[in-house]
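The entries follow in the order I made them.

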Amino acid sequence: MPNLVLLGIQGSGKGTQANLLSKHYGFDHLNVGSLLRKEMENRTAIGDQIRDYMLRGDLVPDEHIFSIIEPILTEDADKLVLDGFPRTINQAEYLEGKIPVEYAIYFELGDKVAKKRLSSRRVCQNCQANYNLLLNSYLREERCKKCGQLLERRGDDNQLAINRRIDAFHKQTKPVISFFEQRDRLLRVDAQKKPKIIHEELVSKLNL
Ligand code: AMP
């Protein structure tokens, strides 16, 4: 079975679509950002080394990314949805040497909308569910619909870090889009559409 890569600026809805695709096809969702946040929370040696990069909104150096991801990208790894990896050409080449990728899906979204979405994103402190206050105006008390816990802003969803993350996307991740395009693996999606519509479009386009 194939592996999928999800690419796009922060706030383009990769995580939401990764969840929907994983449920639909029975894939494993590999969210690299969330693995990194766990390392920070658990105060592991890697967690302490990556904290400043993450909070500033800079990409974490490849050596740390590879040491976290290496045990997952085994020879027989399949049915993976890679969300937030690769984000540099070096990472894309590393991935190519590890497992085959059937499709790289690029969620296209302008910087302005991405910034707006990120500044209105809230995350549950308990179950990590994500919400967007723009789409969920009834979330007045800012509590999670699933577990009732308080919602909060992610540490890197502040103006300064948002700008740096968007900058990193343009400078470091955009070349990864061409990388997959040259290999005839790229599928483009308009990330402005509603999540349900995007999901249906993907299922009809992906030949899985
Ligand atoms: P995300 O949850 O995908 O928005 O990622 C949050 C942060 O984790 C990013 O701003 C980076 O600091 C770091 N990060 C996530 N994925 C990668 C990656 N593939 N390479 C380097 N840093 C990453």
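Which residues in helix 4 are buried? I listed D62, H64, I65, F66, I68 and I69. I note at the outset that this is a predicted model.

**Entry 1: helix 4**

I checked how covered this helix is. Six of its eight residues are buried, and I wrote it down as mostly covered. Then I looked for the partners. The buried residues of helix 4 pack against strand 2 (28-31), helix 2, helix 3 (45-56) and helix 5.

**Entry 2: the cores**

I asked for the nonpolar cores next. The largest has 53 residues. Inside this core, F85 and I105 have the most contacts. Helix 7 (residues 159-182) gives the core its largest share, seven residues. I also found a second, separate core of five residues. Among its members are C124, Y131, C144 and L151.

Leaving out residues up to four places away in sequence, F85 touches V5, V32, I65, F66, I69, L73, Q91, Y94 and L95. I65, F66 and I69 were already on my list of buried residues in helix 4.

**Entry 3: Q91**

I placed Q91 in helix 5 (residues 89-96). Is Q91 buried or exposed? Its relative accessible area is 3%, so I logged Q91 as buried. What does the side chain of Q91 make a polar contact with? I found the side chain of D62, at 2.9 Å. Beyond four places in sequence, Q91 touches D62, I65, F66, F85 and P86.

**Entry 4: backbone checks**

I ran through the backbone angles.

The peptide bond from F85 to P86 is cis, with omega near 0°. P86 sits in the loop between strand 3 (80-83) and helix 5.

K79 has a positive phi, near 55°, and is not a glycine. I found K79 in the loop between helix 4 (62-69) and strand 3. Its relative accessibility is 25%, so K79 counts as partly exposed.

Q128 also has a positive phi, about 65°, without being a glycine. Q128 lies in the loop between strand 5 (121-124) and strand 6 (130-132). With a relative accessible area of 44%, Q128 is partly exposed.

**Entry 5: the ligand**

How many residues surround the ligand? I counted 17, and the closest are R37, D58, G84, R87 and Q91. A polar side-chain atom of R37 lies 3.0 Å from one. For D58, a backbone N or O atom lies 2.7 Å from a ligand oxygen. For R154, an N or O atom in the side chain is 3.0 Å from an oxygen atom of the ligand. Taken alone, the ligand exposes 490 Å², and the protein buries 96% of that.

I then sorted the shell. By class, the shell has seven nonpolar, four polar and six charged residues. Helix 2 (residues 32-41) provides the largest share, four residues.

**Entry 6: R153**

I finished with R153. This residue lies in the loop between strand 7 (151-152) and helix 7. At 39% relative accessibility, R153 counts as partly exposed. Not counting residues up to four places away in sequence, R153 touches S119, R121, R122 and N158.

Which backbone oxygens lie by a polar atom of the R153 side chain? I noted the oxygen of S119, at 2.8 Å. I also noted the oxygen of D157, at 2.7 Å.

R153 and S67 are 86 residues apart in sequence. In space, they are 28 Å apart, C-alpha to C-alpha.

Technical notes. Residues are numbered from 1 along each chain as its sequence is written. This is a predicted model: local features need pLDDT of at least 70, side-chain atom pairs count only at pLDDT 80 or more; totals for chains, interfaces and linings use all residues. Side-chain values use heavy atoms; hydrogens and water are left out. A nonpolar core is a set of buried Ala, Val, Leu, Ile, Met, Phe, Trp, Tyr and Cys residues joined through side-chain atoms within 4.5 Å. Buried means under 20% relative accessible area, exposed over 50%, partly exposed in between (1.4 Å probe, protein chains only). Helices (H or I, at least four residues) and strands (E, at least two) are DSSP runs, numbered from the N terminus. Contact means heavy atoms within 4.5 Å. A polar contact is a pair of N or O atoms within 3.5 Å; within protein, one must be able to donate a hydrogen and the other to accept it, and residues adjacent in sequence count only if both atoms are side-chain atoms. A residue is near a molecule or strand if one of its heavy atoms lies within 4 Å of it. Accessible areas come from the Shrake-Rupley method with a 1.4 Å probe; for residues, only the protein chains shown count as cover. Ala, Val, Leu, Ile, Met, Phe, Trp, Tyr, Cys and Pro count as nonpolar, Asp, Glu, Lys and Arg as charged, and the others, Gly among them, as polar.
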